[in-house]
Each structure stands twice: as C-alpha cells, then as structure tokens.
Amino acid sequence: MNSPVLKQLYAFVRKEFYHVFRDRKTLLMLFGVPIAQVLLFGFVLSNEIKNSKIVVCDYAKDYGSQEIIRKIEASKYFKVQKATLTHDQIETAMKAGDIKMAVIFPDHFYNDLSHLNKAQIQVIADASDPNTATTITSYLTNIINDYQAEALAQNNQSYTIVPQVKMLYNPELLGAPNFVPGVMALVLMLICAMMTAVAIVKEKELGTMEILLVSPLKPYLVIIAKTIPYLLVSLLNLTAILLMSVYLLDLEIKGSVVLLFAESTLFIISCLALGLLISVGSTSQMSAMMTSQMSLMLPTMMLTGFMFPIENMPFWMQGISYIVPSRYYYTIVKAVMLQGLGFSAIWRETLVLGFITLILIVINVRSFKIRLA
Amino acid sequence: MSAITLDNITKTYNKGKVLAVDKATFDVAEGETFGLIGPDGAGKTSIFRVLTTLLLPDGGSATVAGFDVVKDYEKIRNCIGYMPGRFSLYQDLTVEENLNFFATIFNTTVKENYKLIEEIYVQIEPFKTRRAGKLSGGMKQKLALCCALIHKPRVLFLDEPTTGVDAVSRVEFWDMLKRLKHQGISILVSTPYMDEAALCDRIALIEGGKLLSIASPADTIKKYPGKLFAVKAANMHQLLKDLRSYEGTHSCFTFGDAMHVSFKQDANTDVSKLTGYLTAKGHKELEIAEIPAGIEDYFIRITEKEIAEK
C-alpha cells in the first residue's frame with residue numbers, strides 16, 4: 001500500500017463497494033435476480049410431470065413384459081394405453097399430441113432376459129418439449145432399474161435391461177437440463193455488463209466524472225477500480241448459482257471446478273469490457289440499461305443456443321451468433337459442467353473468447369474519454 | 001506569472017452551430033480572486049470547462065498555472081481544484097468518506113492539508129458521519145469546497161458555488177474565499193448574483209459568450225454613463241408603466257423596492273420635469289433621488305446596448 005497508485009486504487013474500489021452495498025436496488029439486482037432466475041428456471045421448467053399419456057406396445061406378452069407394464073401402470077407419472085402400434089402410428093399419435101412416449105417390448109423379451117440375462121426395450125419420446133421428454137424418460141428408466149433390482153433381490157438374477165431411448169424431433173434435448181449454463185451466462189452478462197455500464201454512467205450523470213477527470217487519476221485506474229467490485233460480485237454470484245444447482249436442483253458438476261471458475265473469469269472480463277463500451281456511448285443510466293438489455297441480454301438469450309438451437313436459425317443469425325461471447329461461454333460451461341470434459345475439449349472456444357475479450361479491451365482503452373466531449 | 005491566461009478562446013457546440021464563448025481574452029493574476037458575472041447561459045461554465053481541461057477550445061489558447069490547457073492537461077489536473085456548478089460529490093458517501101476519497105485520489109491525506117480546510121471543515125464536522133446527499137445546500141457547498149481544496153491547489157475554479165444556497169451561507173462562503181485569497185490561492189469564480197461581484201478583486205461581465213467589461217468592481221461601476229435615479233411611489237405597478245412611457249426615459253426597471261431610471265443622453269436630467277409628469281399622472285408619495293449605479297445597473301445598461309446593436 002506504499003505506492004500512491006495502489007492507494008488510489010484501494011480508495012476507489014472501497015468507494016465502489018460503498019455504492020453497491022448502500023443502494024438497495026443495486027443489491028437486489030446483484031443478488032436477488034440471479035437467485036430468482038435459477039429458482040425460476042429450476043423449478044418452473046423441471047417440475048415433476050404427472051399423468052403423462054404413454055402407449056405401451058407389448059409384442060412379447062410374456063411374464064417379464066407384463067410385470068414391468070404393471071409397474072408402469074402403478075406409477076402416478078403415467079397414464080398407460082396398451083396397443084400394438086407401428087412406428088408410423090406412434091409418430092402420428094405424437095404429432096397429434098395424444099401421447100408423450102411409447103414403450104415397446106420386442107418379441108421374446110423375457111426369453112432373452114432369462115436366458116441371456118440381457119434384453120432391450122425401445123423407448124421413443126416426444127422431445128419437442130425436451131424437458132418433459134427427459135423427465136418422463138428418467139421416470140421410466142427408474143421403474144426398469146427398480147425391476148432389475150427386485151429381480152436381483154428375489155431370484156438372485158442379474159438382469160440387464162437396456163432401454164433404447166430415441167428422442168423424436170429434438171434429439172439433442174436443447175433446453176431444460178442445460179438451463180444452468182444458460183442462466184450463468186445470462187446472470188454474469190447482466191451483472192457485469194449492465195451494472196458496470198450503469199455505475200460509470202451514474203458518475204457522468206451526477207457530475208462526479210467531471211471531478212474525477214480533473215484529478216491526477218489515470219484513466220486506466222478509473223476503469224480498473226470501477227470493474228473490480230463487479231468482478232468480485234460476479235464470482236460470488238457464480239458460486240451461489242453453482243451451489244444452488246448442486247444442492248437445490250441436484251445437478252452435479254462433472255468437470256473441474258477450477259477450470260469452470262477460470263473460464264468464467266475470462267467471460268466476466270469480456271462482459272465487463274462490454275459494459276465499459278456501453279458506458280462510453282450512454283449519457284444516462286436509463287439509456288445504459290436499455291442498451292445493455294437490447295444489445296447484450298437479448299443476444300445472450302437468443303443466440304447462445306440456451307433457449308433456441310442455433311442450428312435451426314437462419315444463416316445470417318448463425319453468423320451473428322459467432323460474435324456473441326456468451327455463445328462460447330455456454331458451450332464451455334456445458335462441456336465442463338454437464339459433460340465433465342477437460343480443457344483439451346474447449347481450448348478453441350477459450351481461444352475465441354479470449355480473442356474477443358482482447359479486442360474489446362483494446363477498443364475500450366482507445367475510446368476512453370479523457371475529456372467531457 | 002499569471003495564474004490563468006485566455007487568449008481569444010472560442011468554444012462552440014453542435015459542430016459550430018451554437019457559439020458559447022466568443023473570443024474571450026483575460027488574465028487572472030497570481031493570488032487574485034476573479035469573478036465571471038453573467039446570467040445563465042452566458043458561457044461561464046464553458047469557460048470553466050475549457051480551463052479545467054474538460055473541453056477543448058475551438059480557437060485561441062489558454063494557460064492555467066503556466067500550463068497549456070490542451071497540451072499539458074495532465075499537469076493542470078495535478079494542481080487545480082474544481083467545484084462544478086452542480087453538487088458533484090458522492091451522495092451515498094458520508095462527509096468524511098467523501099473528503100478522504102478525494103484526498104486519496106489527489107495523492108494526499110486529509111491530515112496533511114487540514115490547516116487549509118480547518119476553518120470550513122469545523123462547521124461541517126458535527127455531521128461527518130452523515131451522507132452527503134442528506135446535507136443542506138449550504139453544507140453541501142462547504143463540503144464540496146473542502147474536497148476541492150484538500151490537495152492545496154494553486155488555482156481554484158468555482159462554478160456558481162452559491163447558486164441555490166441560502167443568503168446566510170452565501171455570506172459565509174464568500175468570507176471563506178477571502179481567507180483562501182490570503183493563502184495565495186488564485187480563484188476564478190462565477191456567479192449570477194451581482195452583489196457577490198463586489199467581493200472579487202476584478203470582474204468580467206459576460207453575456208451571450210462575449211466578455212463585455214473587465215475591471216475592478218469599483219471601476220466597473222464608474223463606467224456607468226450618465227446619472228441614475230431611484231424612483232418610488234405608492235402605486236409601483238402604475239409607476240413602472242408611466243416611467244416607461246415617459247419621453248425622456250432611457251430605461252426603467254424594478255430594483256428591490258424602487259425603480260431605477262436612467263434618461264436619454266440628450267434628455268433634460270432635471271428631475272422637476274419628471275416630478276411634474278408623474279404628479280400629473282396622479283402618483284402619490286413620490287420619491288426621486290439620484291443614486292450611484294451598481295454593477296447590476298451597469299450590466300443591464302451594457303447588455304441593453306448589445307441587444308440594440310443586434
């Protein structure tokens with residue numbers, strides 16, 4: 001703390017924290033919104049689904065299939081209709097919205113099971129609503145696992161029933177199970193970019209920027225001091241989101257937490273740079289807020305693949321999505337968190353994200369105004 | 001060496017469409033208190049912003065503490081104190097936190113220069129844990145002055161420091177400026193209040209971006225052409241009308257509880273004729289007295305001329 005620059009920085013950062021913690025609206029925005037979003041997405045989108053209409057096509061009609069069907073019927077999650085439909089008929093019924101899932105027992109099901117200890121069941125789910133599809137598929141898988149466990153306990157038979165799951169219409173299951181990475185991108189974007197932009201524009205609006213400019217403070221110091229608090233708050237938020245995902249939504253972090261935080265820090269820095277850029281062009285807190293929402297939140301929601309699959313978008317929109325930092329971050333988080341992949345799998349995205357961040361910082365340094373106009 | 005010099009400084013806005021400052025030229029000597037007097041929109045704040053290196057001039061050159069406002073802006077920013085026109089401290093920080101913050105960013109401590117602000121600070125010290133946004137107008141200005149002084153600036157820029165401040169606080173504020181002058185700090189101060197002008201060493205009258213007169217307050221008043229009369233009567237409203245329609249009247253305007261009237265150069269300044277005219281109009285309790293012109297009278301007189309010339 002001997003260097004005057006460090007002293008200035010420390011005083012400035014402390015002042016920023018005063019601003020954050022003394023304004024209820026800011027606090028609510030910083031901590032209330034992320035929590036609300038995770039809970040909203042978590043519980044509204046992945047609520048349990050009862051009484052789903054499904055069709056069971058039993059070509060085996062043997063002891064094993066009957067027993068499993070009884071279990072399915074007994075479950076509160078399913079409303080079972082028994083019919084031997086062809087694949088075309090199943091698809092027609094799904095398109096009409098009559099059924100959500102079809103379970104097909106092949107010929108010789110129990111025969112295979114008792115002789116080979118191994119049998120297959122085909123499960124076809126309507127994944128146009130990916131959330132429902134995964135949820136009811138997992139219910140079904142649980143029932144089958146249950147059956148296997150019972151067979152093992154009662155008859156000492158180690159059966160393996162492999163459900164061949166086929167997701168119709170949306171095979172990649174974009175959506176609900178991946179909402180956490182999406183919310184992370186969204187929340188970090190919101191806090192870093194919007195709050196930084198607003199905080200800087202506030203200084204302009206209140207006239208304090210005038211005094212800061214007419215002081216020996218170096219411009220880069222103002223930028224760093226303005227962004228440090230939001231970087232820290234963002235990391236805090238990230239931790240909160242991850243904790244909520246793990247403990248409230250039962251989503252496990254499969255990959256390295258350290259890697260996740262490192263990549264998040266990179267993304268946060270890019271968002272902070274975006275926020276700074278917005279602050280340069282805005283003269284009021286209101287316009288900073290609107291610009292952030294239009295130019296950052298919207299692309300993050302639409303063009304990252306979080307809500308809508310990018311593959312299905314028109315070509316030009318896909319083009320735009322390549323310059324949206326959250327797109328890369330979303331891919332990275334999905335890979336690390338949900339698939340448990342390491343750095344080798346995401347180095348390309350990291351590189352692009354790093355490059356975008358660098359460009360943003362350069363633009364910022366060049367466009368920082370040392371005067372009022 | 002002059003604390004401030006301006007040489008034909010011109011400042012326009014909207015790509016040259018709005019002329020805010022038109023070839024302003026003046027010097028402020030070391031240790032001098034110099035007042036920029038003029039109404040809102042006269043160009044005072046533009047001059048301040050050019051001198052505090054916040055805006056680039058469109059033409060002309062200027063120096064502050066010997067440094068060029070364009071080239072050496074960083075050096076200027078190290079040695080000036082600036083109090084903008086509207087309250088520009090952090091409203092959600094306490095008095096103490098604001099002061100400490102500004103001391104730190106100017107690479108100093110409150111302790112180091114406490115002597116300089118002591119007299120002002122003792123007045124707001126009882127409220128040091130109060131947030132700046134919750135202070136009264138006068139207190140806010142005292143705190144802003146403390147913050148602008150905390151690094152012992154060589155030149156102090158005060159842009160309308162007393163606007164929106166009660167009369168008592170205004171007097172106190174100017175007392176403080178007088179004491180700062182004794183510390184050798186050069187001060188450029190602007191105000192729309194003519195009564196404050198008399199407290200400066202020299203004043204510049206400014207209107208429509210043009211400097212109309214630069215002189216000491218005493219010399220400024222001496223420049224008033226002709227004589228000035230104060231006229232009072234029972235019915236002031238009717239008096240104004242009648243005075244304005246009087247053939248010899250050059251100008252007449254309400255000033256406090258009297259009408260200040262000046263006559264055309266060629267008109268007879270014999271008040272008896274006017275007395276006769278007003279009595280004939282039925283005015284009662286008539287009082288007419290010749291008075292020395294004030295700065296405001298002079299200001300109105302020369303701006304009238306400006307308008308007439310346009």
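Into which domains is chain A divided? Chain A falls into domain 1, made of 4–44 + 175–367, and domain 2, covering 52–168; these bounds come from an automatic or database domain assignment. Between the centres of domain 1 of chain A and domain 2 of chain A, taken over C-alpha atoms, there are 44 Å.

Before going further, a word on conventions. This is a predicted model, in which local features need pLDDT of at least 70 and side-chain atom pairs count only at pLDDT 80 or more, while totals for chains, interfaces and linings use all residues. Residues are numbered from 1 along each chain as its sequence is written, and chains are lettered from A and ligands numbered from 1 in the order in which they are written.

I turn to chain B. Its domain assignment gives domain 1 (2–221) and domain 2 (228–292), with 40 Å separating the centres of these two domains of chain B, taken over C-alpha atoms. The C-alpha trace of chain B spans about 70 × 45 × 35 Å along its principal axes. Its secondary structure comes to 11 helices and 14 strands; helices (H or I, at least four residues) and strands (E, at least two) are DSSP runs, numbered from the N terminus. Of the 310 residues of chain B, 42% count as buried. A residue is buried if 20 or more other C-beta atoms lie within 10 Å of its own, exposed if 12 or fewer, and partly exposed in between, with C-beta atoms placed from the backbone.

Next, the sheets of chain B. One is an open sheet of four strands in the order 2-1-4-5, with antiparallel pairing; two strands pair if DSSP finds at least two bridges between them. Strand 2 (18–29) and strand 5 (67–68) of chain B are at the edges with a single partner strand each, so one side of each has no neighbour in the sheet. Strand 1 (residues 2–13) of chain B pairs with strand 2 of chain B over eight bridges, and B:Ile4 stands opposite B:Val28.

Another open sheet in chain B has six strands, ordered 6-7-8-3-9-10, with mixed pairing. Here strand 6 and strand 10 (210–215) of chain B stand at the edges, each with a single partner strand, so one side of each is left without a neighbour in the sheet. From one strand to the next, the twist averages 15 degrees. Strand 3 (residues 33–37) and strand 8 (residues 186–191) of chain B run parallel and are joined by five bridges; B:Thr33 stands opposite B:Ile187 in strand 8 of chain B.

Which strands does helix 1 of chain B touch as it packs on the sheet? Helix 1 (residues 44–51) of chain B touches strand 3, strand 7 (155–159), strand 8 and strand 9 (202–207) of chain B, and its direction makes about 150 degrees with that of strand 7. Contact requires C-beta atoms, placed from the backbone, to lie within 7 Å; axes are lines fitted to C-alpha atoms, for helices over the stretch in contact, and angles run from 0 to 180 degrees between N-to-C directions. Helix 6 (residues 167–182) of chain B also packs on the sheet, touching strand 3, strand 7 and strand 8, and makes about 155 degrees with the direction of strand 8 of chain B. Eight of the eight residues of helix 1 of chain B are buried, so this helix is largely enclosed by the rest of the structure. Among them are B:Lys44 and B:Arg49. After helix 1 of chain B comes B:Thr53, whose phi is positive, near 65 degrees.

How do the chains meet? The contact takes 23 residues from chain B and 23 residues from chain A. On the side of chain B that touches chain A, helix 2 (73–79), strand 6 (80–83) and helix 3 (95–105) of chain B each give two or more residues, and helix 3 of chain B gives the most, with four residues.

Finally, one residue of chain A. Is A:Ile370 buried or exposed? A:Ile370 is exposed, because 12 other C-beta atoms lie within 10 Å. A:Ile370 lies in the segment after helix 14 (343–367) of chain A and touches A:Leu213 and A:Pro219, not counting residues up to four places away in sequence. A:Ile370 and A:Glu210 are 160 residues apart in sequence and 10.0 Å apart in space, C-alpha to C-alpha.

Methods:
Two residues are in contact if their C-beta atoms, placed from the backbone, lie within 7 Å.
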